[in-house]
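Thanks for coming, everyone. Please have the sequence and the 3D view open, and I will walk you through a few places in them.

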Amino acid sequence: MGILGNWITNKTAKPFYARRIIKICKQVLHAEAKVCGLGQFHFYINGCKVEDHELDPGWTDYHKLIEYVTFDVTSYLKEGENVIGAEVGNGWFYKMDEHYTFKFPEFMPPNPNPYKPFGKELVLAVELTITYVDGTVEVIHADEDFLVKEHPVVMSNVYGSETIDGRKNQDGWCTAGFNATSWENASIVTKEKEPTGRMIDQIQPPVKVLHSYQGEYLNNVQSKDIYDFTQNMSGILEFEVKGKVGDAIHLYPAEKLTKNGDVDQMAKGWVNLDSCITYIIGQDDVWETCRMKFTYFAGRYVAVEKPENCEMRNLTAHAISSAYETDGTFTCDDKRYEQIYSLVEKAVEANMVSVHTDCPTIERFAWQEPNHLMAPSIMYMKNGRKLWEKFLLDMRTAQHTEQDYFYDFAGNRVYPRDGLMPSQCPCYIPNVLPVPGMGSFYDIIGWGSTCILGTYWHYMFYGDKKIIEDNYDAGMRYLEHLKTKVTEEGFINHGLGDWGNPKNELARENIETAFLYADAVTLAKFAEILEKLEDKKKLEAYAEQVKKNYNEKLLVWNAEKGYWCYRAWDHADELFMTQAVEALPLYWGLVPEDKEVDVVKAFYDALETEGAFVSGEIGLPYVIQTARKYQMNNLICQFILRKEHPSYYAFVLDGETTLGEYWETNPRSHCHDMMGHIVEWYYNGIAGIQAEKPGFRKIKICPYLPESIHEFKCIYRSVAGEISVQVKEEQDGMVLQVKVPKGVEYQIDTTNLEGSREITAEKIKIYQVIVR
C-alpha cells in the first residue's frame with residue numbers, strides 16, 4: 001500500500017475506466033482528492049472533468065519517483081449520490097509500440113539497454129478526503145468497490161499515435177444514473193507488483209491548453225484532405241465525425257508538406273515517423289466527438305483519410321504546454337525581431353510537457369543541456385521556477401550510485417560510477433555506451449552540468465537559496481565524478497563538444513574543460529552562500545588548477561595576427577580557432593587579465609571572418625553573450641537577420657513557425673528550442689535588463705537600439721516586481737522610459753544607446769517610473 005492507499009487495476013496494460021459511487025449525507029466543508037494514474041490519467045466527479053489539466057501526472061522515473069496530483073474538489077461534490085471516476089492510459093509507464101516509436105538509427109550500434117515497462121498493468125490510486133461542516137472527516141481510497149471497464153482508447157503510443165474505438169464509448173460513465181452492470185470490480189495490485197517510486201505531490205505546473213487552432217483546408221492529395229493549423233506545436237486533436245459503425249478515419253500529423261502538398265512525416269536523414277490518430281465510428285449517422293486522451297501529436301499539418309460516406313467537421317488542434325505562465329514580452333517596429341522571438345517561444349512551449357524535451361516529434365527525451373544553456377532565455381519569457389525545480393529533482397533522482405549498472409554488448413554489467421548525471425533525466429531508453437567516433441551520449445559534461453549551472457540560473461532569477469541547498473550535494477558528487485574523467489593532459493573530452501556546430505568543429509577539450517572550470521567556480525560560490533568555507537577553499541583551488549593548465553596548453557601567441565588567442569586542442573598541426581573556443585574562456589573568466597584585450601580581438605575576428613554565428617548549441621549562448629559584453633551588438637543584429645543559414649531569420653523565410661534543430665532548411669526536427677539563446681539577448685542586450693543580485697533585487701538597465709528598430713518595449717515580471725524598458729527614437733534624439741519595482745536598486749546606463757545612434761547622452765530623455 002502506497003501513500004495514497006491501494007493501487008487498483010483492470011489487470012491489463014491497456015487504458016481503462018474506473019468509477020465508484022459514494023454517498024454524502026452531510027454538508028461538505030472541504031474536499032480534496034489526491035490522484036495518480038500511471039502512466040497518464042484524467043479525473044472526474046459527477047460527469048465533470050476536474051480541472052483543465054492534460055497528461056497528468058508529470059513524467060518521471062517511476063521506479064524511483066512518482067507524482068500524484070492534488071485537486072480541490074469541494075465544488076464538484078453534492079449531497080446524495082456522487083460518482084468519482086478516472087480514465088487511465090499508458091504514457092511512459094507501459095509504452096505501446098504500434099505506429100512510430102523511437103529506435104536508434106542504423107549508424108549507431110544496437111542498444112543493449114532498451115526501454116522496459118515499469119509494470120505489467122496500468123494502475124490507479126485515489127485518496128478522497130472529505131471534511132464535513134460538523135468537523136468529521138471521511139477518507140475514501142481506491143479499492144475493489146471501484147468498477148472498471150476497457151477504454152475506447154485501445155492503443156495509446158507515447159510518441160503521438162492513438163487508436164480510439166467509438167464502439168466502446170461509455171456515454172455518461174461518470175454520472176449517477178449510468179448502468180454499470182457490465183463493468184467488473186477492480187483488482188487490488190499485489191505488493192510485489194506495486195509501483196516502487198517515492199510518491200510526491202506534483203510540483204511543476206500542469207500541462208494545459210495554451211491556444212486552440214482551427215484546421216484550414218488546403219487541398220486533397222492522393223485521396224487525403226490536407227489541413228493547416230498555421231502553427232507547429234505539441235497538441236491534442238479534436239474533431240467531430242459522422243458515418244457508419246466500424247468505419248475508420250485516420251489522421252496523419254506532420255511538421256511539413258511534400259512538394260505535391262501531402263504531409264511529409266520523414267525526419268531528414270533519420271526515419272519515417274508514421275504517426276497516426278485513428279477513430280473508429282461507434283454509431284450510424286450520428287455526430288460523434290473524438291479527442292486524444294493520453295498522448296499528444298506534434299506538427300502543423302494533418303492529412304485526413306476517411307471513407308467517402310464519412311463527414312468531418314470542427315477539426316481543432318489544442319496546443320499544450322507546462323510553460324503557460326508568461327513572465328516576459330518583447331515588441332518592436334521591426335517585425336523580423338518579433339518573428340524570431342515567436343519562433344523560439346513557440347518551440348519552448350511545445351517542448352515543455354512536465355519535462356523539457358528536445359523535440360516533440362522524434363525523440364521526446366528529457367535531454368538536460370538546454371536546462372542551463374537555455375535557462376536565462378526561457379526564464380525571461382516564462383515562469384520557470386517550479387519547472388526547474390522539477391527538472392533538477394529529476395536529475396537528483398537519476399544521479400548514479402556505485403550500485404547502478406547497465407549492460408554492454410556481451411551482456412556484461414557496466415558500472416558507470418557514483419555521481420554521474422545522465423544526459424537525459426528521466427531516461428527511458430538509456431544509451432550508455434559511447435558511439436564510435438562520436439563520443440558519449442549518456443555521460444556528457446555539457447548536459448550533466450545542469451545540476452550545477454541550472455541551479456545557478458534558478459538562483460539568479462528567483463533568488464531562493466533553497467535551490468542551492470537542495471542541489472549542492474548532487475553538484476559536488478558530480479564534480480567528483482568529472483575528476484575521474486580528466487585526461488592525462490588535464491582535459492575533459494569524452495562528450496559531444498560544441499554539439500550542433502554547422503561545420504562539425506566540436507573542439508571537445510576546449511569546450512568541455514571550460515565547463516569543468518565553470519562547474520568548480522559555481523560550486524565555490526554555492527559553498528560561500530551556504531557558509532561551507534572549507535569546501536569553498538578546495539573548490540577554488542581546484543578551479544585554479546584547471547585554469548592554469550587550460551591557459552598553459554591552449555592560450556597561444558598568434559604571430560600572424562599579433563595577438564594572444566585560444567587554439568583548438570583537437571587541431572594539433574595548426575593554430576585553429578572557433579567562435580566558441582574564444583568565447584567560453586572570456587565568458588567564464590578563464591582568460592588572464594593581461595591577455596583579455598587580445599582574446600577579445602581574436603573573438604571579434606572569428607565572428608567577422610565567418611559573417612555569421614558558426615556555433616553549435618553548446619557554444620552559442622556564450623558566443624552571443626560575449627559579443628554583447630564586448631560591445632558587438634551590431635554584429636549580433638547582422639547575424640540573426642541573415643537571409644541564409646546559419647541565421648534565425650532564415651528559419652522565418654523558410655516558413656517555419658518554430659525553431660529548427662540545426663542551422664539548415666528542412667532540418668531533422670522543425671521544433672527544437674535548443675538554439676534559442678538569442679532571446680536572452682533581447683532582454684539583457686536590447687532592453688538591457690541585467691540582474692546584479694539574485695532575484696533582480698539589484699539591476700542594471702543598459703539598453704541598445706538596433707539600427708532597423710526605431711521603437712521597442714520590453715517587460716519582465718521578475719520575482720521583485722515588473723521591470724519594463726521602452727525606447728523610442730525621435731527626430732532629435734531618443735526617449736527612454738524605465739519602470740522599476742519599489743525596493744529594487746537600479747542603475748541606468750545609456751552608453752549603448754548613445755553608440756547605437758552616435759548621439760550624446762544629452763539627447764536621451766529618461767523617464768523613470770518607480771512602482772509604489
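Let's start with helix H15. H15 is mostly covered, with nine of its nine residues buried. Just past the end of H15 sits Gly 688, with a positive phi of about 70°. One caution before we go on: this is a predicted model.

What does H15 pack against? One partner is helix H12, residues 620–629, whose axis comes within 9 Å of the axis of H15, residues 678–686. In general, a packed pair of helices is described by two things: the angle between the axes and the distance between them. The crossing of H12 past H15 is right-handed.

Which residues make that contact? From H12 they are Ile 624, Gln 625 and Arg 628. From H15 they are Ile 678, Glu 680, Trp 681, Asn 684 and Gly 685. Sorted by type, the residues of this contact are three nonpolar, three polar and two charged.

Helix H6 covers residues 450–462, and helix H8 covers residues 508–529. Their axes also come within 9 Å, and they cross at roughly 50°. H6 and H8 are therefore oblique to each other. This crossing, H6 past H8, is left-handed. H6 brings Ile 452, Leu 453, Thr 455, Tyr 456 and Tyr 459 to the contact. H8 brings Phe 515, Ala 518, Asp 519, Thr 522, Leu 523, Phe 526 and Ile 529. By type, the H6 and H8 contact has nine nonpolar residues, two polar and one charged.

Next, two histidines. Take His 494 first. Where is His 494? It lies in the loop between helix H7, residues 466–483, and H8. His 494 has a relative accessible area of 16%, so it counts as buried. The cut-off for buried is under 20%. Asp 443 and His 494 are 51 residues apart along the chain, yet their C-alpha atoms are separated by 8.0 Å. A polar atom of the His 494 side chain lies 2.9 Å from the backbone oxygen of Asp 443. Beyond its neighbours within four places in sequence, His 494 is in contact with Gly 439, Ser 440, Asp 443, Lys 485 and Glu 512.

The other histidine is His 42, in strand S4, residues 40–45. Buried or exposed? His 42 counts as buried, because its relative accessibility is 4%. Its side chain reaches the backbone oxygen of Lys 293, at 2.9 Å. Setting aside neighbours within four places in sequence, the contacts of His 42 include Lys 49, His 53, Glu 54 and Gly 85. They also include Ala 86, Glu 87, Lys 293 and Phe 294.

Stay with strands for a moment. Glu 216 belongs to strand S17, residues 216–221. At 44% relative accessibility, Glu 216 counts as partly exposed. Leu 315 is 99 residues from Glu 216 in sequence, and 8.6 Å from it in space, C-alpha to C-alpha. Leaving out neighbours within four places in sequence, Glu 216 is in contact with Ile 226, Tyr 227, Asp 228 and Thr 230.

Last topic: backbone geometry. As a rule, most residues other than glycine have a negative phi, and most peptide bonds are trans. Here are some places to check against that.

Leu 38 and Gly 39 are joined by a cis peptide bond, with omega about 5°. Gly 39 lies in the loop between strand S3, 28–38, and S4. The bond from His 645 to Pro 646 is cis too, with omega near 0°. Pro 646 sits in the loop between helix H13, 633–640, and helix H14, 648–653.

Now phi. Arg 364 is not a glycine, but its phi is positive, near 55°. You will find Arg 364 in the loop between helix H1, 335–350, and helix H2, 370–373. Arg 364 counts as buried because its relative accessibility is 2%. Gln 631 is not a glycine either, and its phi is about 60°. Gln 631 is in the loop between H12 and H13.

That is the tour. Questions, please.

Conventions. Residues are numbered from 1 along each chain as its sequence is written. This is a predicted model: local features need pLDDT of at least 70, side-chain atom pairs count only at pLDDT 80 or more; totals for chains, interfaces and linings use all residues. Side-chain values use heavy atoms; hydrogens and water are left out. Axes are lines fitted to C-alpha atoms, for helices over the stretch in contact, and angles run from 0 to 180 degrees between N-to-C directions. Helices (H or I, at least four residues) and strands (E, at least two) are DSSP runs, numbered from the N terminus. A crossing is left-handed if the near helix is turned anticlockwise from the far one by less than a right angle, and right-handed if clockwise. Contact means heavy atoms within 4.5 Å. Ala, Val, Leu, Ile, Met, Phe, Trp, Tyr, Cys and Pro count as nonpolar, Asp, Glu, Lys and Arg as charged, and the others, Gly among them, as polar. Buried means under 20% relative accessible area, exposed over 50%, partly exposed in between (1.4 Å probe, protein chains only). A polar contact is a pair of N or O atoms within 3.5 Å; within protein, one must be able to donate a hydrogen and the other to accept it, and residues adjacent in sequence count only if both atoms are side-chain atoms. Angles under 35 degrees count as roughly parallel, over 145 as roughly antiparallel, 65 to 115 as roughly perpendicular and the rest as oblique.
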